Amino acid sequence: MAEALLEVLGLKKYFPASGGLLRKPQWIKAVDGVSFTIQEGTIFGLVGESGCGKTTIAKTILLEEQPTQGTILWRGQNIFKMRGEALEHYRASTQAVFQDPYSSLNPRMRVGSIVAEPLIVNSFSPGRALPERVSEILAEVGLELEAVNLYPHEFSGGQRQRIAVARALASKPEFIILDEPVSALDVSIRAQIMNLLSDLQSLYKLAFLLIAHNLATVRYMSHRVGVMYLGKLVEVAETEELYNNPLNPYTKALMSAALPSHPDVQREEIILSGEVASPLNPPLGCHFHPRCPQSMPICSELEPELLEICPGHLVACHL
């Protein structure tokens, strides 16, 4: 069994919302008690509709946000209490590739400087070793050496994302957050970037947190998947177990809305009523119950716990 690399434990992140002079303060519950573990060298996929809290979790792992409650452990150490060398090592070991390669790269920097930046910041390759390391990384992501002297705008979207991947790999990390890494790219080149990421993950035994709303991307790349709804995890399982045997009604609805793997595949069509509730005022009980086709009276009264139904398969549902 692989060692736990990153553990998210009871994570909550609430943002203040202006309540006015006469109203008590209100809170946007972006992440509301989420727990999961990512093992060394594995890919954990996080799926759900926009606004369910996926990116807030990523920002908290990257120390861009402080949690309201809960903690995150890196090899057993609380990342929010790290100082000095421990914090520097964590920052070097944890990198990210974001959705939009147009905005995540500095347009005023040449590619060589973009890729070298994390090496310089983390004092990895001093002196003559720096250009060699940059050239090596560019070759690994499928870019020519001439790219070092060019600017991001001189590349296509797919090539820009390869540059972003090269930058993330520069400091030899153990863990990379992939926040919608292919959703901004043309369909024709999504598979190329997904294959590149999968190859690099296998080569370097990296761990990934893959954040996406595209179920096909998550199924192709992930070993284990968590499904989020309105700041909470509603189901977690091994990838094929989840896709072949979804148990939470929300997960079933997500699967129903996705394109089938083959035109002849017959699936139950599930049409959800209403809209996603506001995280400012989420429904009592199960957050999904106002839209759930299988809702029962208990669903509006008692919040279901995320429980292990069978080995490795966790579900939060009164059914």
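Q: Which helices and strands each supply at least two residues of the lining of the second largest pocket?
A: Rolling a probe the size of a water molecule over the atoms shows where empty space is left. A pocket is an open set of points, on a 1 Å grid over the protein atoms alone, where a 1.4 Å probe fits, with protein on both sides within 12 Å along at least five of seven lines; lining residues have an atom within 4 Å of a point. Here α2 (84-93), β6 (94-97), α3 (111-121) and α5 each supply at least two lining residues. Helices (H or I, at least four residues) and strands (E, at least two) are DSSP runs, numbered from the N terminus. The model is predicted: local features need pLDDT of at least 70 and side-chain atom pairs pLDDT 80 or more, whereas totals for chains, interfaces and linings use all residues. Residues are numbered from 1 along each chain as its sequence is written, and side-chain values use heavy atoms, without hydrogens and water.

Q: What is the volume of the second largest pocket, and which residues are the closest to its centre?
A: The volume, the space filled by probe spheres set on grid points joined across faces, edges and corners, is about 400 Å³. Of the 16 lining residues, Leu62, Arg91, Thr94, Gln95 and Ala96 are the closest to the centre. The lining comprises 9 nonpolar, 3 polar and 4 charged residues (nonpolar: Ala, Val, Leu, Ile, Met, Phe, Trp, Tyr, Cys and Pro; charged: Asp, Glu, Lys and Arg; polar: the others, Gly among them).

Q: In what order do the 8 strands of the open sheet stand?
A: Strands of a sheet pair through backbone hydrogen bonds, either parallel or antiparallel. Two strands count as paired if DSSP finds at least two bridges between them. The order is β6-β7-β8-β3-β9-β10-β12-β11, with mixed pairing. Because β6 and β11 stand at the edges with a single partner strand each, one side of each lacks a neighbour in the sheet.

Q: How do β1, β4 and β5 pair?
A: β1 and β4 run antiparallel with 5 bridges, and glutamate 7 faces leucine 73 of β4. β4 also pairs with β5 in the antiparallel sense, over 2 bridges, where leucine 73 stands opposite asparagine 78. These two strands, β4 and β5, form a hairpin with 2 residues between them, and arginine 75 in the turn has a positive phi of about 50°.

Q: With which residue does arginine 75 form a salt bridge?
A: A salt bridge requires a side-chain nitrogen of Lys or Arg within 4 Å of a carboxyl oxygen of Asp or Glu. Arginine 75 meets glutamate 174, the closest N and O atoms being 2.3 Å apart. Arginine 75 lies in the loop between β4 and β5 and glutamate 174 in the loop between α5 and β7, so the pair ties together parts 99 residues apart in sequence. By this rule, 9 salt bridges are counted.

Q: Is lysine 13, in the salt bridge with glutamate 65, buried or exposed?
A: Buried means under 20% relative accessible area, exposed over 50%, and partly exposed in between (1.4 Å probe, protein chains only). Lysine 13 is buried at 11%, whereas glutamate 65 is partly exposed at 21%. Their closest N and O atoms are 3.8 Å apart.
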